[in-house]
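Hello,

I am handing over a structure for you to look at. Please open it first, then read my notes below.

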Amino acid sequence: MKLKVLINGAGRIGKAVLKQLLNIEDFEIVSINDINPYIENIVYSINYDSTYGKFDDKFKIIDNNFIQNSKAKIKILNHNSLIDIDLKDIDIIIDASGKKEDIKLLEKLPVKTIFLTHPNRNAHINLVLGVNENKINPNIHKIISTSSCNATSLLPALKIIDDSKEILCGDIVTIHPLLNHQRVLDGNYVGSATRDVDLNFEFGRSSTQNIIPSHTTTIKACSYVLPKFNSELISSNSLRVPTDTVGAINVTLFTKQASNKDEIIDIFINFEKNQKFPIVLNNFEPLVSSDFKKEKYTTIIDHRYLEVKNNMIKLLLWYDNEWGYASKVVETLRYYKSICSQI
């Protein structure tokens, strides 16, 4: 039986999830809720995308509040809060709004499960495939966070190294594409409640003209999934760069056991061969960020820049922070449904 889905938020991640979920027969997208009051603009932004190109199976507006293409007929809603929505025909909510709703409120909603596409310490579980999916229990985990794009890329690599070599400490630098809350040209400071940004002068500078240093919540998000990987073990910062999508993470780790380069390559190659989900991809080609656009693998090890010096390991990871992350949200939904069918 198909699970009926409401997508809350038709932003960058919401639309990427929508387009991928349309191809999964086990799910039916019933509704999309967004604070944008203009249905014409929502349809336009689904059909035309400057980053990923035109959507071939275009949606059209029908019957006032519905949109339709060859695969789905979807009702468009315009509510500020999930509590205002009639959810009687909904099994699953994918909350891609970024809004930090009260968990107690979400727990009361009459649906099976709510997936949050952002880290949340108070979620019943923060989940990253390839790391802790074996912990999920549909009987007790109603509010499931699918973490962040950065943590989704980084954590599998950390766990793989830690399982073999035991990480003692480390440092990461995320190189992240620009985001909608930044300025195109210099302006006033940026605040973003959905991203825990109260007052950031640097984000008020032109995102198209600068590399902008920033703090990152990547390690905090990792700690919600595996408590060992916290800011006491791994330091972090971030650079925002003027590209549209595909991020990178420069990782430096110090381990208890010494290693050599061939050994680390073999560890990642063996993991790729035996993994349950499309997570780890080993790259040896001379590629650049745009070559990983729309790539479903999200922990892409660039072995051209792997360095191993006794107890030090340096990694360069690639990941598509929009489409790739959304693919993990969809994979998580599929995994969740498979577990439910076994209960």
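This is a predicted model: local features need pLDDT of at least 70, side-chain atom pairs count only at pLDDT 80 or more; totals for chains, interfaces and linings use all residues.

Residues are numbered from 1 along each chain as its sequence is written, and side-chain values use heavy atoms, with hydrogens and water left out.

**Sheets**

Helices (H or I, at least four residues) and strands (E, at least two) are DSSP runs, numbered from the N terminus. Two strands pair if DSSP finds at least two bridges between them.

An open sheet is formed by 9 strands, in the order 3-4-5-2-1-6-7-9-8. Its pairing is mixed. Strand 3 and strand 8 (125–126) are the edge strands, and each pairs on one side only. Strand 1 (residues 3–8) runs parallel to strand 2, with 6 bridges. Within that pairing, Leu-3 sits opposite Phe-27 of strand 2.

Now look at strand 15 (residues 247–255). Of its 9 residues, 7 are buried. Buried means under 20% relative accessible area, exposed over 50%, partly exposed in between (1.4 Å probe, protein chains only). Strand 15 is joined to strand 10 (residues 167–177) by 8 bridges, antiparallel. There, Cys-169 has Phe-254 as its bridge partner. Strand 15 is also joined to strand 19 (residues 312–319) by 8 bridges, again antiparallel. There, Gly-247 is partnered by Tyr-319.

**Ring contacts**

The structure has 6 aromatic pairs. Rings of Phe, Tyr and Trp (its six-membered ring) pair if their centres lie within 6.5 Å; planes under 30 degrees apart count as stacked, over 60 as edge-to-face and the rest as tilted.

One of the pairs is Tyr-52 with Trp-323. It is tilted, at 5.6 Å centre to centre with 45° between the planes. These two residues are 271 apart in the chain. Tyr-52 is in the loop between helix 2 (39–47) and strand 3 (60–62), and Trp-323 is in helix 7 (residues 323–342). Both residues are buried.

Phe-115 and Tyr-336 also pair. Their ring centres are 5.4 Å apart and their planes lie at 85°, so this pair is edge-to-face. Phe-115 belongs to strand 7 (residues 113–116) and Tyr-336 to helix 7, 221 residues apart. Phe-115 is buried at 0% relative accessible area. Tyr-336 is buried at 3%.

Two lysines sit over rings. A charge counts as over a ring if NZ of Lys or CZ of Arg is within 6 Å of the ring centre and within 35 degrees of the ring normal. Lys-294 lies over the face of Trp-323, 4.6 Å from the ring centre.

On a 1 Å grid over the protein atoms alone, a cavity is a set of points where a 1.4 Å probe fits but cannot get out, and a pocket is an open set with protein on both sides within 12 Å along at least five of seven lines; lining residues have an atom within 4 Å of a point. Grid points are joined across faces, edges and corners, and a volume is the space filled by probe spheres set on the points. For residue classes, Ala, Val, Leu, Ile, Met, Phe, Trp, Tyr, Cys and Pro count as nonpolar, Asp, Glu, Lys and Arg as charged, and the others, Gly among them, as polar.

The whole structure has 2 cavities of 30 Å³ or more. The largest cavity has a volume of about 80 Å³. Helix 7 gives the most to its lining, with 4 residues. That lining has 7 nonpolar, 4 polar and 1 charged residues.

The second largest cavity holds about 60 Å³. Its lining includes Tyr-52 and Trp-323. Helix 1 (residues 12–21) gives the most here, with 4 residues. This lining has 3 nonpolar, no polar and 5 charged residues.

The second largest pocket holds about 230 Å³. It has 13 lining residues, and Val-30, Ser-31, Lys-75, Asp-86 and Asp-89 lie nearest its centre. Strand 2 (27–33) and strand 5 (73–77) each supply at least two lining residues. The lining splits into 7 nonpolar, 2 polar and 4 charged.

Best wishes
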